[in-house]
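Here is a short briefing to read with the model open beside you. Turn to the structure first, then follow the topics in any order you like.

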Amino acid sequence: MTFFKPRSLNVMKTIRKSMQFSRNLSYINETNYKIKPPKNLGIHFVPQQQAYVVERLGKYMTTLNPGFNYLIPFVDKIQYVHSLKEQAIPISKQTGITKDNVPIEMDGVLYIRIIDPVLASYGTEDPVYSVVQLAQTTMRSELGKITLDKTFEERVELNRCILNAINDWPLRTDWGLECLRYEIKDITPPKGVKVAMEKQAEAERKKRAKVLISEGQRQAAVKVADGKKMAVILESEAAKKDQVNRAKGEADAILSNAQATARAITEVSRAILENGGADAASLRVAEQYVEVFEKINKMGTVMLLPEDSSDAVSLITQAVAIHSKLSTSKL
C-alpha cells in the first residue's frame, strides 16, 4: 500500500528551504561588501532594510521589498542583493603631498547608503568599490590644497571638503549612492617631519613656560608695587587723619580752656562787684604778688629786693596799689 504525502507538506518544505537560503546564503563579503544573492526557490522572505533586484530571462523585472515575495523558479533570478542600511567603509592609507611639499599618509572612514538599488546594480560594476576609489583620489586632491599645519589644525574642515567633493559627483543619479559623512582616522607624517614637529612642540612648550613664568613675575612685581603704593597711601591717610584729629582736639581744648577762663573771669568779676569782693581781690593779688616775687628770687641768679626788704607791709601795699590802678583803668 502506497501513501502519498499531502501537497501542503511540500509547500512547507519549500518555504522552509527558501527562508534558510535567504538567511544563511545571504552574507556580506568583507572584501567587496557584496551580498551573495540567494537561489530562487519560488518563495522568498526579504529581510528588512534589504532589496532584491530580480531579472527575468536576463532582463530587469522588479525589486523585491521586505516581506513575503513569490518568484517563478528557473525563470526569475535574484541577480543583486543590496543593504539599505548606512555602511561604514574604511578607506585604506593613502600617501598624499601637501601644499608645502610634505608627503603624509592618511586613512579614513566613509559612511554611505544605497538609496536606489537599481542604479546601484546597473550604474556601476561595484558601487562600493567605485566610491572608495573616488574617496581615495578626492582625499589626495584635497590634501594638496592645504599645508601640513592646516592638515592637523583643520581636520573637520578637511572632512567637509572631501565629503563635498565626493557628493559633487553624480552619485545619486548614476550610482544610486549617498555619502553621509567622511571622517579622517589617522594622519601619519614622515619620520623626519614627525621628529621636527616634536622638537617644535617642545620648543613651543618651553616658550609658553618661560612666558608664563615672566608673566607671573611681572604680575607679582605689579602686585608688590600696588601693595607698597596702597600702604603709603593708607599711611599718609592715617597720618592726615591723625593730624586732623590732633588739631581738632587741640582746638577743642583751647576753646574749652578759653570758655572756662571766660566763665572764671565772669565769676570773679561778679564776685568783685559784691560787698567785700574788692578787698578779697586785693588780698588775693597781694598773695600772688608775694608768691611770684619769691619764685623769682629762688630761680634767678639776681635777687630783687624792695627798698625796704624788712617791711612786708610796704610790699603788700604796693601789690594792692597795682590792683587798684588796674581796676581804675578798667572802669
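This is a predicted model: local features need pLDDT of at least 70, side-chain atom pairs count only at pLDDT 80 or more; totals for chains, interfaces and linings use all residues.

Residues are numbered from 1 along each chain as its sequence is written, and side-chain values use heavy atoms, with hydrogens and water left out.

**The sheet E6-E7-E8**

- An open sheet is built from 3 strands in the order E6-E7-E8, with antiparallel pairing. Strands here are DSSP runs (E, at least two residues), helices are DSSP runs too (H or I, at least four), and both are numbered from the N terminus; two strands pair if DSSP finds at least two bridges between them.
- Strand E6 (87-97) and strand E8 (177-188) each have a single partner strand, so one side of each is left without a neighbour in the sheet.
- From one strand to the next, the twist averages 25°. Angles run from 0 to 180 degrees between N-to-C directions, with axes being lines fitted to C-alpha atoms, for helices over the stretch in contact.
- E6 pairs with strand E7 (residues 103-114) in the antiparallel sense over 9 bridges, and Ile91 stands opposite Gly108 in E7.

**Helices on the sheet**

- Helix H3 (residues 127-143) packs on the sheet and touches E6, E7 and E8, where contact means heavy atoms within 4.5 Å. The direction of H3 makes about 35° with that of E6.
- Helix H5 (residues 155-167) also packs on the sheet, touching E7 and E8, and its direction makes about 140° with that of E8.

**Aromatic rings**

- How many aromatic pairs does a search of the whole structure find? The search finds 3, counting rings of Phe, Tyr and Trp (its six-membered ring) whose centres lie within 6.5 Å; planes under 30 degrees apart count as stacked, over 60 as edge-to-face and the rest as tilted.
- Tyr80 and Tyr122 make an edge-to-face pair, 5.6 Å centre to centre with 85° between the planes. This pair links distant parts of the chain, with Tyr80 in strand E5 (residues 76-83) and Tyr122 in helix H2 (residues 117-122), 42 residues apart.
- Tyr80 is partly exposed at 28% relative accessibility, and Tyr122 is partly exposed at 37%. Buried means under 20% relative accessible area, exposed over 50%, and partly exposed in between (1.4 Å probe, protein chains only).
- Tyr60, Tyr80 and Tyr122 form one aromatic cluster.
- Elsewhere, the charged end of Arg181 sits over the ring of Tyr111, 4.4 Å from its centre; this term asks for NZ of Lys or CZ of Arg within 6 Å of the ring centre and within 35 degrees of the ring normal.

**Strand E2 and its partners**

- Strand E2 (residues 50-56) is mostly covered, with 6 of its 7 residues buried.
- E2 pairs with E5 in the antiparallel sense over 7 bridges, and Gln50 has Ser83 in E5 as its bridge partner.
- E2 is also joined to strand E3 (residues 59-64) by 5 bridges, again antiparallel, and Glu55 stands opposite Tyr60 in E3.
- E2 and E3 form a hairpin with 2 residues between them, and Leu57 in the turn has a positive phi of about 55°.

**His82**

- The side chains of His82 and Ser121 are joined by a polar contact of 2.6 Å. Such a contact is a pair of N or O atoms within 3.5 Å; within protein, one must be able to donate a hydrogen and the other to accept it, and residues adjacent in sequence count only if both atoms are side-chain atoms.
- Not counting residues up to four places away in sequence, His82 touches residues including Ile35, Val53, Ile114 and Pro117.
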